[in-house]
Amino acid sequence: MSTPFSGPRVIRQLPDQLISQIAAGEVIERPSAVVKELLENALDAGATQLTIRLEAGGVKRIAITDNGCGIPPEQMPLALARHATSKIASLHDLENVTTLGFRGEALASIASVAQLTVTSRTADAAHAWQVAGHDPQSGSPASGAQGTLIDVQDLYFNTPARRKFLKSDQTEYGHCVEVVRRIALARPDVRFTVTHNGKTTEHWQESGLEQRSAQILGDEFASARLSLEEFAGPLRLQGFVGLPTAARMRADSQYFYVNGRFVRDKLLTHAVRAAYQDVLHGDRFPSYVLQLDLDPALVDVNVHPSKIEVRFRDSRAVHQFVFHAVSRALARTSATAQGEVPAPAAGLSAAPSASGPLPWVNQPMRQASFGVAQERATYGAMFADTLRADTSGVSQSGSAGSLQSLFPSQPAPAQATDDDAFPLGFALAQLHGIYVLAQNRTGLVLVDMHAAHERILYEQFKQALEEDAVQLQQLLIPVTFHADPVEVGTAEENAGTLAALGFDIAAMSPTTLAVRAIPALLKNSDAQALARDILRDVREFGGSRILGARRNELLGTLACHTAVRANRQLTLPEMNALLRQMEATERSDQCNHGRPTWVQLALNDLDKLFLRGQ
Ligand code: ADP
Ligand code: MG
């Protein structure tokens with residue numbers, strides 16, 4: 001309850017200490033914020049070796065030692081004063097700032113809420129000098145090598161309200177380490193050591209981004225990532241993006257830097273996310289370490305107290321650039337980029353190059369060599385008539401027909417001559433109703449039938465939607481089903497959106513819906529299940545967004561519905577048609593859930609399995 005208004009009160013100038021404490025509320029919200037500010041200061045001072053000692057999650061103590069340029073004794077009181085900085089002197093400097101800090105308030109803020117001591121020595125000083133935060137004017141000589149030690153103890157000792165908001169030591173420690181990781185990823189050339197309660201917990205030697213990011217993001221990332229480097233005018237983007245297969249359940253491995261500064265910027269996150277959209281289901285988060293560099297005059301870093309957000313002068317251009325750079329990297333993804341395709345066996349010519357686009361991506365299907373047109377027709381027929389094939393018992397049926405297709409009497413056609421046109425080779429057999437086995441020049445190709453088919457359908461729907469050419473299939477007999485009021489409401493409110501998607505779902509009663517039309521591409525799927533899923537997506541994402549920002553989630557739902565199920569027995573022509581479709585489909589090597597759709601086992605992998613030639 002606020003006290004009742006009782007007339008004007010006296011206006012006072014706040015004391016410096018209180019001003020700093022108020023400022024500290026903004027920048028120093030928890031121990032990790034202290035770590036961030038101190039590390040940035042050390043890097044601004046040119047340090048190449050940093051030791052971060054933490055006690056009790058940083059609440060009891062944060063001591064950071066650097067080997068930077070140091071602070072001359074006579075400047076130390078100023079370093080601790082508010083709005084005192086060596087980094088900028090004018091507005092022009094601010095607009096072109098290249099240091100991490102420039103606001104001149106970190107040390108003052110920290111000193112106002114903790115016991116702070118600075119020990120520092122410059123290159124030409126005979127010894128170090130030490131001052132305490134509460135009395136910066138009276139320093140004393142101290143021992144110490146060149147560089148600076150900032151020792152922060154008992155954080156929030158004088159602001160108990162703040163202290164109450166802290167979590168357990170382990171949690172605070174976790175936040176501190178996360179801050180160190182962020183900074184360490186930006187500066188792989190700097191050595192970092194972290195200790196907690198006297199034990200060394202992290203140690204990263206000076207290295208490059210490739211190694212540093214592998215150390216920090218882990219093996220999973222290191223073994224499934226693409227490197228990227230692109231320039232456009234004043235913009236440069238470099239780093240590593242994780243393959244969709246390495247995506248995570250949480251957005252905890254996303255590191256984006258602008259001019260060396262870690263940022264969490266909506267525009268940038270969105271650009272990256274959009275690039276992944278086609279290859280990643282909405283509930284997975286890509287991993288990446290990306291560094292965007294540009295002329296500092298083109299970006300305002302002074303829009304957030306802890307500088308975690310930035311503002312670009314031309315945000316559209318930046319968005320486009322980042323989006324396209326990441327998209328291009330992902331579009332060249334292939335087994336090769338995962339380092340999974342070994343060198344081709346002797347006598348065979350090289351596998352697709354690791355860096356260039358895959359030779360078959362985006363190429364129209366070839367008609368010439370061996371009845372592709374016919375196979376395509378077969379393929380069309382396949383998902384036109386049998387998608388509702390009973391999934392039970394097919395593979396056990398043991399009929400002559402299925403044996404025939406598992407052990408074909410003739411060899412796959414023309415494989416020796418046409419490998420360039422058909423990089424995925426030719427089908428040999430189907431395994432357990434799940435995988436298609438094919439032979440190509442490199443060796444054996446294994447295709448996850450369902451995942452591959454899903455990918456293809458996804459791209460087909462996408463194209464149809466983009467061209468606003470979703471064909472409707474009227475159902476001869478509408479499928480009615482019992483629906484809950486939310487479903488009925490969703491159908492009524494979003495009739496327009498549903499129509500654009502190729503659906504006609506009408507309310508027959510407050511608890512009954514009738515599906516009268518579904519998209520022609522999906523004409524053989526279970527209309528009721530499909531309608532339910534689509535209504536759920538429309539409700540969840542909203543009618544307008546489902547055709548825009550969330551369109552790809554929807555496409556995923558649809559494709560999943562229609563894709564050929566496991567256990568569906570395919571004939572060889574059907575399998576070959578699937579391979580040809582995959583070759584003709586962009587990004588066909590990952591399904592839209594981010595799983596791979598096919599893998600290559602090279603002949604020499606197989607040789608190794610049998611210890612041949614050893
Ligand atoms: P800012 O970094 O915004 O300038 P700070 O309060 O963080 O403000 O630091 C004030 C000044 O103290 C810096 O401008 C810098 O000159 C000096 N300083 C702080 N930490 C260090 C350090 N580790 N090594 C050398 N100088 C430092
Ligand atoms: Mg600073």
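Modeller: On a 1 Å grid over the protein atoms alone, a pocket is an open set of points with protein on both sides within 12 Å along at least five of seven lines, whereas a cavity is a set of points where a 1.4 Å probe fits but cannot get out, and the lining residues of either have an atom within 4 Å of a point. This is a predicted model, in which local features need pLDDT of at least 70 and side-chain atom pairs count only at pLDDT 80 or more, while totals for chains, interfaces and linings use all residues. Residues are numbered from 1 along each chain as its sequence is written, chains are lettered from A and ligands numbered from 1 in the order in which they are written, and side-chain values use heavy atoms, with hydrogens and water left out.

Biologist: Which pocket is the space taken by ligand 1, and how do you know that?

Modeller: Ligand 1 takes the space of the largest pocket; a molecule is said to sit in a pocket if more than half of its atoms lie within 2 Å of the grid points, so ligand 1 passes that test here. In the shell around ligand 1, α2 (31-44) and α5 (106-113) are the elements that give two or more residues, where helices (H or I, at least four residues) and strands (E, at least two) are DSSP runs, numbered from the N terminus.

Biologist: What makes a residue part of the shell, and how many residues surround ligand 1?

Modeller: A residue is near the ligand if one of its heavy atoms lies within 4 Å of it, and 19 residues surround ligand 1, with N41, T85, S86, K87 and G104 the closest.

Biologist: Why is the pair between S86 and ligand 1 called a polar contact?

Modeller: A polar contact is a pair of N or O atoms within 3.5 Å (within protein, one must be able to donate a hydrogen and the other to accept it, and residues adjacent in sequence count only if both atoms are side-chain atoms). A polar side-chain atom of S86 lies 2.5 Å from an oxygen atom of the ligand, so the pair qualifies. The 2.7 Å between a polar backbone atom of G104 and a ligand oxygen also qualifies, as does the 3.3 Å between a polar side-chain atom of T148 and a ligand nitrogen. The protein covers 93% of the 530 Å² of accessible area that ligand 1 has on its own, by the Shrake-Rupley method with a 1.4 Å probe.

Biologist: What volume does the largest pocket have, and what lines it?

Modeller: Its volume is about 740 Å³, meaning the space filled by probe spheres set on grid points that are joined across faces, edges and corners. Its lining has 35 residues, and α2 gives the largest share, 6 residues.
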